[in-house]
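Here is a short walk through one protein chain, written to be read with the model open beside it. Have the viewer ready and follow along.

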Amino acid sequence: MPIDVDEFEEAPEAELRATSGPTNAERVLAFLGEHDDQAFTPKEIRGATDVPRGSIGVVLSRLEDRGLVRHRGEYWAIAPDADVDTALTSAHVARAASDRLGAEDPSEWGPGVDDTEGR
């Protein structure tokens, strides 16, 4: 759906998403979670999830870094201890909050545990 040029120019980049549907990572995670007894090549995962060719490797690597998927050789599978439902629910809740409340602005956050200026 097109947006007007003023919104394009003025909206924070984090808010400029074409859709609020599932991310590539969510689609891959859901697919592998539904087929937890099988392993797939990136090409097979792409075909089942419609994740773009240039994105599938990055998506799989990031999911692996989070301990959600694993691979051996050219095959990828869901990690045996991955909590797919929790991961997908968390992503959905975060996206819904951003859609409803807008993207977070770290400059608006108060001091946190990493704030050492006052010490």
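## Starting from a loop residue

Leaving aside neighbours within four places in sequence, T41 is in contact with E74 and Y75. Keep in mind that this is a predicted model. T41 itself sits in the loop between α2 and α3. Is T41 buried or exposed? T41 counts as buried, because its relative accessibility is 15% and the cut-off for buried is under 20%.

## The chain as a whole

Let's step back for a moment. The chain holds 5 helices and 2 strands, and from the N terminus on they run α-α-α-α-β-β-α. Of the 119 residues in the chain, 19% are buried. If you take the contacts between residues at least 6 apart in sequence, 55% of them join residues at least 24 apart.

## The core

Now for the inside. The largest nonpolar core has 17 residues, and V28, L32, I45, L60 and V69 are those with the most contacts inside it. Three elements each supply at least two residues of this core: α2 (24-34), α4 (53-65) and β2 (75-78).

You'll find A79 in the loop between β2 and α5 (84-101). A79 counts as buried because its relative accessibility is 7%. Residues A79 and V69 are 10 residues apart along the chain, yet their C-alpha atoms are separated by 4.4 Å. Leaving out residues up to four places away in sequence, A79 touches G67, L68, V69 and R70.

How do you describe a pair of packed helices? You give the angle between their axes and the distance between the axes.

| Pair | Angle between axes | Axis distance |
|---|---|---|
| α2 and α4 | roughly 70° | within 10 Å |
| α3 and α4 | about 110° | 10 Å |

Take α2 and α4 first. Their axes cross at roughly 70°, so α2 is roughly perpendicular to α4. In handedness, α2 passes α4 in a right-handed crossing. On the α2 side the residues are N24, A25, V28, L29 and L32, and they meet S55, I56, V59, L60 and L63 in α4. What does that contact look like by class? It has 8 nonpolar, 2 polar and no charged residues.

Next comes α3, which covers residues 42-49 and packs with α4 at an angle of about 110°. α3 and α4 are therefore roughly perpendicular to each other. Here too the crossing is right-handed, with α3 passing α4. P42, I45 and R46 in α3 meet R53, I56 and L60 in α4. By class, the residues of this contact divide into 4 nonpolar, no polar and 2 charged.

Technical notes: Residues are numbered from 1 along each chain as its sequence is written. This is a predicted model: local features need pLDDT of at least 70, side-chain atom pairs count only at pLDDT 80 or more; totals for chains, interfaces and linings use all residues. Side-chain values use heavy atoms; hydrogens and water are left out. A nonpolar core is a set of buried Ala, Val, Leu, Ile, Met, Phe, Trp, Tyr and Cys residues joined through side-chain atoms within 4.5 Å. Buried means under 20% relative accessible area, exposed over 50%, partly exposed in between (1.4 Å probe, protein chains only). Helices (H or I, at least four residues) and strands (E, at least two) are DSSP runs, numbered from the N terminus. Axes are lines fitted to C-alpha atoms, for helices over the stretch in contact, and angles run from 0 to 180 degrees between N-to-C directions. Angles under 35 degrees count as roughly parallel, over 145 as roughly antiparallel, 65 to 115 as roughly perpendicular and the rest as oblique. A crossing is left-handed if the near helix is turned anticlockwise from the far one by less than a right angle, and right-handed if clockwise. Contact means heavy atoms within 4.5 Å. Ala, Val, Leu, Ile, Met, Phe, Trp, Tyr, Cys and Pro count as nonpolar, Asp, Glu, Lys and Arg as charged, and the others, Gly among them, as polar.
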